[in-house]
Amino acid sequence: MSLAAIDLVQPYTHIKAIAGVELRDDIVPKSPRFDDACIHNKAMILPESPSMKNITVTWTVGGAINVDETTVMYGEWNVLDKKIFNCVTRPTKQELDAFFSILRDVEVMEGETEEQMETDVTFAPVQSGITRWHPKHIDGDTAVRPETTFSLSLDLSRYKKGDVISIFTLARVDQKWVRGYFSEEGQSGGPPQSNIVNARTNPEWKILQPEIDSTERQSSFKGQLDFFSVPVTVEIGSRPGLFEESEIIDASIRLEDSPFIKEESNETGVIVYALIMAVVTIVAVFFCTFCREKSDGTDIFSVLSARRQIMH
């Protein structure tokens, strides 16, 4: 139950694999997030080939009990509005509605065909399901089940060499809580009041809380309907030759963790330096003790002692 309580704090979704290539998320504590960084953090180069007509995407949804809707959104990066798809904040429902309304108006004005419109931004068929925290999975079973995964095939054959595509997964979860078994509406006659319900069902909900290390700064918590994954960038590469293998290349650039590497390397350097100095000292003592300066058997210690006596 402790794991469930931690996981259910906030819904999330992330892409696990594309075209059989497993992807992982880097988690570096206190690592800053920058605009557009996610474009390169998870990326791959997909050679132009007939197999592009059937590219399997596998993703997971967590932090919830019921997955009401989940799907894949994909399209060319240069079409997306970087102000709302900025890798730092999640798009709100109002921002998404405004973006797609403007996009469709521009497409109509430019006389684009339906196929061209789909190339810009497309949504795959919607799926639904339950997560590993659903009562059907945990009743009488103490073992934690594997996370729930979804998958579908995308047709990317309309894209050509040089196109850079973004692939997002998104999910809407636990909407039954608004008027379901976690809702206070039936008892109080008003909308839900609890944070955990509002955070995933009410985009108008917002709460401010002072930060732990400062009384002046405040953290803002906003409700959402749709939760987006970190995108995967797919660049369409050259078509392989007749006898060349069509190989997918992982082009991901991992999150910057040089401060942690530097700190670790500094500690390692101190240890190595101490070991080297210890070895040098042992070698010096060995040399001074057993090596002879003169053939008559007088060792260096004796010579140094005699020279001190002469000087005094």
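This is a predicted model: local features need pLDDT of at least 70, side-chain atom pairs count only at pLDDT 80 or more; totals for chains, interfaces and linings use all residues.
1. Strand 9 covers residues 164-173, and eight of its ten residues are buried. The strand is therefore largely enclosed by the rest of the structure. The threshold behind this reading is a relative accessible area under 20%.

2. Pairing of strand 9 with strand 5. Strand 5, formed by residues 66-76, runs antiparallel to strand 9, and nine bridges join the two. Within this pairing, Met73 has Phe168 of strand 9 as its bridge partner. Strands of a sheet pair through backbone hydrogen bonds, in either the parallel or the antiparallel sense.

3. A separate description applies to an open sheet whose four strands follow the order 2-1-4-8, with antiparallel pairing. Its edges are strand 2 (21-22) and strand 8 (149-154), each of which pairs on one side only. Strand 1 (residues 12-18) and strand 4 (residues 55-62) are joined antiparallel by six bridges. Thr60 of strand 4 stands opposite His14.

4. Geometry of helix 3. Helix 3 comprises 17 residues, 93-109, and at 1.5 Å a residue it should span 24 Å. The C-alpha atoms at its ends are 24 Å apart, in agreement with that expectation. After the helix comes Gly111, which has a positive phi near 70°.

5. Which residues of helix 3 are buried? They are Leu96, Phe99, Phe100, Leu103 and Glu107. Viewed down the axis of helix 3, the buried residues fall within an arc of 90°, so they line one face of the helix. On the face of helix 3 turned away from the buried side are the exposed residues Ile102, Val108 and Met109.

6. Ser246 in its loop. Ser246 belongs to the loop that connects strand 13 with strand 14 (249-250). Its relative accessibility is 37%, and it therefore counts as partly exposed. Although 198 residues separate Ser246 from Glu48 in sequence, their C-alpha atoms are 8.4 Å apart in space. Apart from neighbours within four places in sequence, the contacts of Ser246 are with Pro47, Ser49 and Pro240.

7. The salt bridge between Glu147 and Lys16. The structure has five salt bridges. One of them joins Glu147 to Lys16, with 3.1 Å between the closest N and O atoms. Glu147 is located in the loop between helix 5 (135-138) and strand 8, whereas Lys16 is part of strand 1, so the pair ties together parts that are 131 residues apart in sequence. Glu147 is partly exposed at a relative accessible area of 27%. Lys16 is likewise partly exposed, with a relative accessible area of 27%.

8. The salt bridge between Arg172 and Asp226. The closest N and O atoms of Arg172 and Asp226 are 2.9 Å apart, and the two residues form a salt bridge. Arg172 is in strand 9 and Asp226 is in the loop between strand 11 (218-222) and strand 12, so this contact ties together parts that are 54 residues apart in sequence. What is the relative accessible area of Asp226, and is this residue buried or exposed? The area is 12%, and Asp226 is buried.

9. The salt bridge between Asp174 and Arg200. The side chains of Asp174 and Arg200 form a salt bridge at 2.9 Å, N to O. Asp174 sits in the loop between strand 9 and helix 6 (185-188), and Arg200 sits in helix 7 (residues 195-201), so the pair ties together parts that are 26 residues apart in sequence. Asp174 counts as buried, at 0% relative accessibility. Arg200 is buried too, with a relative accessible area of 0%.

Technical notes
Residues are numbered from 1 along each chain as its sequence is written. Side-chain values use heavy atoms; hydrogens and water are left out. Buried means under 20% relative accessible area, exposed over 50%, partly exposed in between (1.4 Å probe, protein chains only). Two strands pair if DSSP finds at least two bridges between them. Contact means heavy atoms within 4.5 Å. The expected span of a helix is 1.5 Å times one less than its number of residues. The arc is that of the directions from the helix axis to the C-beta atoms. A salt bridge is a side-chain nitrogen of Lys or Arg within 4 Å of a carboxyl oxygen of Asp or Glu.
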